[in-house]
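Open the model in your viewer and keep the sequence panel beside it. This tour tells you what to select at each stop and what you will find there.

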Amino acid sequence: MYYLVLFFTLLSFIPIFIILTKRRSSNRLPPGSLGIPIIGQSLGLLRAMKANTAEKWIEDRVKKYGPVSKLTLFGAPTVLIPGQAANKFIFTSDSNTLNNQQTKPIQILLGKRNLLGLSGDDHKRIRGALMTFLKPEALKQYVGKMDGEIKEHFKMYWQGKEKVTVMPLMKTLSFNIICSLLFGLEAGARRQKFVIWFGQMMDGMWSVPVNLPLTPFNRGIRASSKIQNMVMDIIQEKRLALEKQEVSPHQDLITSLLTIRGEDGTALLSEREMVDNIMLIMTAGYDTSSILMTFMVRLLANDPVVYAAVLKEQEDISKSKASGELLTWDDLTKMKYTWRVALETLRIIPPAFGGFRRTSKDVEYGGYLIPKGWQVSLKLYITFGTDIHFSYNDHLFV
C-alpha cells in the first residue's frame, strides 16, 4: 500500500515538472511575439515588401527585440537572424542542423520534389540533371533564340513609345524567354493563359497560407494546378515528338530532361520531379532576372560615364554583325564591361528574397533556443513594388 501511495504521489508531480520545464524552455526562446496563429507578422512584412521598405521593417525589429527575434511568417513560427554572423551560421550548418525546407506556400505551389526542398542523394541527382541544361556549354546554343525574343520584345513594347515602365516590361521579357527556353512554348493563346496563371501563382507564393475562397493563396493554388497540368501536357507532347524524332534532345529544358538516363538506363527524373523543378526554375529566374535588368536600366540612365562605356561596347559588337544576324556566345564573351556592370548591380541591389531554413533539431544560437521544426529566416531583401519609368528623351537606347 505504501509503495502504491508513493507511486501515485510521484505521478502527480509529472504535470508540474512538464509545466516548469516548458516555462524554463520558453524563457530561452528569442524575444518577440508569434502573433495570431498562421498569420502572425506576415501581412506587415508583405506590406513592407510591396512598399520597398522591407529593410526598414527588419531594422525596426532589430531595434525593438535585438538581433534575434521570433515571429510567425507564412504560417510557421520563425526566428529572424539578420547579419553576417547569422548568414555564416546558416550557410555553414549541415542538414542535421538546418534543412532546405521552404515556406508552406512555396512547398504547396511549387511541389515538394523541387531542388529547394531536397537534400542528400536526391538533391545531388536532380541538381546534376538540371545542370546538364544550365551549364554554359549547353546554354551556348540558346543565345540566338534569346536574342530573337529580345528583338521581338523591343519591337513590340519599346519602339515608338515616348515613355515606358521598365519593371513590368522586364518581367514580360523574362517570362517570354523562360517559355521559349524551358518549354519551347511560342507566342500564342497558350502562352497568354500561362502568363495569367503564372502571375496568380507568384502572388500566392508571397501570401498568408490561408486556403479560403477569394484569398491570394487560394487563387495561387488553383493557378499552380493549371500550370502543372499544362506542363504535364507539354512533357507528354515532347516525349512523343522525341520518339518520332521530330525535335532535338537539346531543343529546350523538357526535351533535355526527358533524354537523361541513369546508370540503369531508366529516366533519371520522375515526371513529378520534372514538373516541380521546371516550376522552380521558372519562378527562380523570373523575378531575379527582371529586377537585375530593371536596375541596370536605372544605373545606365543615372550614370552617363557607365552608359557611354556600355554603349560603346555594344556598338562595337553591333558593327561586327551583318544586318539581322543574331548574337552568338562569342559575342557575349566580348561584353566584359557590361558584365561588370551587371555584377556591380547585383552587389548593390541583391534581387533575392533571402531565404528560409528549417531546424532539424533544437538549435542554440545567440544564447537562445530555436526549437526543432521552426523556420530560420535570413536577412530579407526584396524590390517588389519598384516601377522605374524611362523616357526616350533621356537617350538611354539608340
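The stops below run from the whole chain to single residues.

**The whole chain**

Start with everything shown. This is a predicted model. The chain has 398 residues, and 42% of them are buried. Colour by secondary structure: there are 16 helices and 9 strands. Show the surface next. The chain exposes about 21500 Å², with carbon and sulfur atoms supplying 59% of that area.

Select residues 166–183, which make up helix H9. Check its length. At 1.5 Å a residue, its 18 residues should span 26 Å, and the end C-alpha atoms lie 25 Å apart, which agrees.

Now look for ring pairs. The chain holds 9 aromatic pairs. Select Phe 175 and Phe 198: their rings form a tilted pair, 5.4 Å centre to centre, with 45 degrees between the planes. Phe 175 sits in H9 and Phe 198 in helix H10 (residues 189–205), so this pair links distant parts of the chain, 23 residues apart. Both Phe 175 and Phe 198 are buried.

Phe 183 belongs to H9 and Phe 194 to H10, so the pair ties together parts 11 residues apart in sequence. Phe 183 and Phe 194 are buried as well.

Phe 175, Phe 183, Phe 194, Phe 198 and Tyr 286 make one aromatic cluster.

Step just past the end of H9. Gly 184 has a positive phi of about 65 degrees there.

**Salt bridges**

Show the charged side chains. The count is 17 salt bridges.

Stay with H9 and select Lys 171 and Asp 287. Their side chains meet in a salt bridge, 3.7 Å from N to O. Lys 171 is in H9 and Asp 287 is in helix H13 (residues 271–302), so the pair ties together parts 116 residues apart in sequence. Asp 287 counts as buried, at 12%.

Move to Arg 190 and Glu 237. Their closest N and O atoms are 2.9 Å apart in a salt bridge. Arg 190 is in helix H10 and Glu 237 in helix H11, 47 residues apart. Arg 190 is partly exposed at 31% relative accessibility, and Glu 237 is partly exposed at 41%.

For a bridge within one helix, select Lys 56 and Asp 60. The closest N and O atoms are 3.0 Å apart. These residues are 4 apart in helix H3 (residues 54–65), which means about one helical turn separates them. Asp 60 is partly exposed at 35%, as is Lys 56 at 49%.

Then select Arg 113, Asp 122, Arg 125 and Glu 273 together. Salt bridges link them in a network.

**Positive phi in loops**

Most residues other than glycine have a negative phi. Two residues to check against that come next.

Select Ile 38. Its phi is positive, about 70 degrees, although it is not a glycine. Ile 38 lies in the loop between helix H1 (2–26) and helix H2 (42–50). It is partly exposed, at 43% relative accessibility.

Select Gln 245. Its phi is also positive, near 60 degrees. Gln 245 is in the loop between H11 and helix H12 (253–259). At 72% relative accessibility, it counts as exposed.

**A buried glutamine and a surface patch**

Select Gln 102, in the loop between strand E3 (98–99) and helix H5 (104–110). Its relative accessible area is 10%, so it is buried. Beyond its neighbours up to four places away in sequence, Gln 102 touches Gln 107, Leu 116, Phe 356 and Arg 358.

End on the surface. Select Trp 339, Leu 343 and Leu 346: they form a nonpolar patch with about 300 Å² of accessible area together. Leu 343 is in helix H16 (residues 336–348) and is partly exposed, at 41% relative accessible area.

Definitions and conventions:
Residues numbered from 1 in each chain as written. Predicted model: local features only at pLDDT ≥ 70, side-chain atom pairs only at ≥ 80, totals over all residues. Heavy atoms only, no water. Patch = residues over 30% accessible without salt bridge, like charges linked within 9 Å, V, L, I, M, F, W, Y side chains within 5 Å. Areas by Shrake-Rupley, 256 points an atom, 1.4 Å probe, with all protein chains shown as cover. Salt bridge = Lys/Arg side-chain N within 4 Å of Asp/Glu carboxyl O. Helix = DSSP H or I, 4+ residues; strand = E, 2+ residues; numbered from the N terminus. Buried < 20%, exposed > 50% of the residue type's maximum accessible area, 1.4 Å probe, protein only. Contact = heavy atoms within 4.5 Å. Phe/Tyr/Trp six-rings, centres within 6.5 Å; stacked < 30°, edge-to-face > 60°. Expected span 1.5 Å × (residues − 1).
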